[in-house]
Amino acid sequence: MASDTLTTAQRSDAEISGLDALEIAGRDKETSRAAQLWAATWPKIAALALAVGIWQVVAWTGWKEPWVLPPPGPVLADLGEYVLSAALWDGLATTGRRAALGFAAALVIGLALGLAVARVRVLRAALGSMITALQTMPSIAWFPLAILLFGLTEQAIFFVVVLGAAPSIANGVIYGVDYVPPLLLRAGRNLGARRLNLYRYVIAPAALPAIVAGLKQGWAFAWRSLMAGELLVVIATRTSIGAQLTYARDFSDAERLIAIMIVILVVGLVVDAAFGAADRAIRRRWGVLDPAGQ
Amino acid sequence: MTSTTTTPRSATAPVALHGVTKVYGHGANAVLALDGVSLDVAPGEFVCLVGASGCGKSTLLNLVAGLDRPSGGRIDLPDGVNPGLMFQEPALFPWQTVEGNVEVPLKLRGLPRAARRERVAELLRTVHLADFGRKRPHELSGGMRQRVALARTLALDTPVLLMDEPFGALDAMTRDILHDELERIWTERKLTVLFVTHNVREAARLADRIILLSSRPGRIIYSTRVDVPRPRRIDSPEVSAIAAEVTDRLRTEVGRHGQ
């Protein structure tokens, strides 16, 4: 009898591991890292080459004078010079500091506001649609008021950057908390997570993808607001990237102007790519990333 | 039995429902989901609740689990017992590994890290997933996920297990094996199980006692002991005979709603 149950147990162990092996077989197909990178990169390089090509062709047609629309060659040469100059790095330091401060403040306000609205019914009724309305407001429209309130100062820029980014972040939080699967909440409560622990162990991690999406969108708004602000609110002692763009136009330095635009584009892209990478990492961990879709 | 297994507390008192009633909504729209359900589940007993749609099976488990309050009647649990609840979906946390999922209730109970690690390893061995601790839920099959969910529920160290059609979404082969597993774990840990299913054969395979609920409102209309010796097979003649009898009763009940 004892040996009988033992063999039954062993047989059942073998059955279980056999079934497991059959069911998860073929789930771990992986293409090499280099191949993935190349597949993601070459279309971008091709598109870039195409854009530069069109620019060159337009310049060759003589549609505009070369001191108004210079061809790619001299612009790229000027960009190389600019990258090696202190002006760029000083400008990036100033602009980067403003972006970081503004975004950090928007993050704190957005998280707090989002949580409050998601939790408190009265606040949702009062502020929910207002947050969305704020999001649709072009941030440059805030500048006249900001300049009236704060003058041509750092505070004016900060004010608009925060107003631009915070609603998106708050909306991300509200959306994330709203769409936590009720089943996970029930499971969490049954496992002993109540109140703050429910937030820590279930709601916050479940809402994370939506929050990261909100941060990504918030960054896009913050960066646009900041560039608009630096063009309008030029503080002579601080040569931010935006201020340098204004100077380049004032001096009709088209090559420098376009070089600065490329820098702005690249900074925006790099930060956006960082948020995108975070987003994808989360979705991959969760198993909700469709490998064919990327 | 084995010295590595920390023996969970076994229940000393029954899970007792006294005239439990649940009404959803108010006034003219009120729906009576459960109507005076009285039931005693003895310590160590395996009870299956069977019923067609709308019999309030899941409602009943939610009430016993304390996730919802009864409109009338009383539910008595053994002192200090928080029942563990399993669902048809594994309801695993996708942001955690298998180990992380099983660890959550241990963290919430305040176990120190070393003790947690030991318990997680022991629980994963219990459900035959010792090699899969670092995987994420989406990398596992449906049956494996449900076993992780079982391990996570067992981590509550509760003597009372509530199961809401936990194998309903699995294929027959996987379900058979999980029946064996559940039976083994139930015996080893001397658990009290209240198991909801619409699968009459599954109930006959697993239960000490089958209880049939009527639909809209849910009332107990039939109850039978299953005195087939264990371990059982779902395709044995004894189990089939019991299943056939319960199925007849269930069909009569469903037919009542057709008129």
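This is a predicted model: local features need pLDDT of at least 70, side-chain atom pairs count only at pLDDT 80 or more; totals for chains, interfaces and linings use all residues.
Read along the sequence, chain A runs in the pattern α-α-α-α-α-α-α-α-α-α-α, and its secondary structure amounts to eleven helices and zero strands. The radius of gyration of chain A is 26 Å, well over the 19 Å that the globule rule gives for 294 residues, so chain A is more spread out than a compact globule.

- Along its principal axes, the C-alpha trace of chain A spans about 95 × 50 × 30 Å.
- Of the 294 residues in chain A, buried residues make up 31%.

**Where chain B meets chain A**

- On the two sides of this meeting, 30 residues of chain B are in contact with 25 residues of chain A.
- The elements of chain B that give two or more residues to the side touching chain A are strand 5 (84–86), helix 2 (98–108), helix 4 (142–154) and helix 5 (172–189).
- Helix 5 of chain B supplies the largest share of the side that touches chain A, and this share comes to four residues.
- When the residues are sorted by class, the side of chain B that touches chain A has 17 nonpolar residues, together with seven polar and six charged residues.

Notes: Residues are numbered from 1 along each chain as its sequence is written. Chains are lettered from A and ligands numbered from 1 in the order in which they are written. Two residues are in contact if their C-beta atoms, placed from the backbone, lie within 7 Å. Ala, Val, Leu, Ile, Met, Phe, Trp, Tyr, Cys and Pro count as nonpolar, Asp, Glu, Lys and Arg as charged, and the others, Gly among them, as polar. The radius of gyration is taken over C-alpha atoms; the globule rule is 2.2 Å times the number of residues to the power 0.38. A residue is buried if 20 or more other C-beta atoms lie within 10 Å of its own, exposed if 12 or fewer, and partly exposed in between; C-beta atoms are placed from the backbone.
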